[in-house]
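Below is a structure, followed by questions and answers that work through parts of it in turn.

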Amino acid sequence: MARYPGARTFSFGDSPALIAELTGLVRKGVKRATCTAVADIEAGREAAPEIGRRDIALGPYGAPALVIETQELIETTWAGMTEEMALAEGEDDSLESWRAGHRRYYTRQGIFAEDMQLIWERFTVIEDFEESGDV
């Protein structure tokens, strides 16, 4: 946190296995986007993303894994997600697959609705603590 003042911490996913999988996709350069449910922001479970802010992604056991910087934000809904945006998330090979996976994820969170508000975020990796030996 001292190296990245103002950074928020978060995890890609809601279980150690999913966090490990998604963090791995970011490390490989496959995942360069994510989305945040506005309901999670409003409930205080997630911080609203901000262009230019650097945030710390935690690994599956809560240690800092990566630092990302937000490059682009688009407000949308689950039903309004485009295939280009879904594919940039790097988790799926089609919009249909993205919808199925995110329906399951948001249903587990108890917030799924087809008209739910999302903030889609494109990011770049600034630092990988595994590569720098700081893990």
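Q: Which strands are included in what covers the buried residues of helix 1?
A: Helices (H or I, at least four residues) and strands (E, at least two) are DSSP runs, numbered from the N terminus, while buried means under 20% relative accessible area, exposed over 50% and partly exposed in between, with a 1.4 Å probe and protein chains only. This is a predicted model, in which local features need pLDDT of at least 70 and side-chain atom pairs count only at pLDDT 80 or more, whereas totals for chains, interfaces and linings use all residues. Residues are numbered from 1 along each chain as its sequence is written, and side-chain values use heavy atoms, with hydrogens and water left out. What covers the buried residues of helix 1 includes strand 3 (54-58), strand 4 (64-77) and strand 5 (117-128).

Q: Within what arc do the buried residues of helix 1 fall, seen down its axis?
A: Ile19, Leu22, Thr23, Leu25 and Val26 are buried in helix 1. The arc is that of the directions from the helix axis to the C-beta atoms. Seen down the axis of helix 1, its buried residues line one face of the helix, because they fall within an arc of 155 degrees.

Q: How are the planes of Phe12 and Phe123 set, and what is the pair called?
A: Rings of Phe, Tyr and Trp (its six-membered ring) pair if their centres lie within 6.5 Å, with planes under 30 degrees apart counted as stacked, over 60 as edge-to-face and the rest as tilted. Phe12 is buried, with a relative accessible area of 3%, and Phe123 also counts as buried, at 1% relative accessibility. The ring centres of Phe12 and Phe123 are 5.7 Å apart and their planes are at 35 degrees, so the pair is tilted.

Q: How many residues apart in sequence are the parts that the pair of Phe12 and Phe123 ties together?
A: Phe10, Phe12 and Phe123 form one aromatic cluster. Phe12 lies in the loop between strand 1 (9-10) and helix 1, and Phe123 lies in strand 5, so the pair ties together parts whose separation in sequence is 111 residues.

Q: With which side chain does the side chain of Glu127 make a polar contact?
A: Glu127, found in strand 5, counts as buried at 13% relative accessibility. A polar contact is a pair of N or O atoms within 3.5 Å; within protein, one must be able to donate a hydrogen and the other to accept it, and residues adjacent in sequence count only if both atoms are side-chain atoms. At 2.3 Å, the polar contact of the Glu127 side chain is with the side chain of Arg3.

Note on methods:
Contact means heavy atoms within 4.5 Å.
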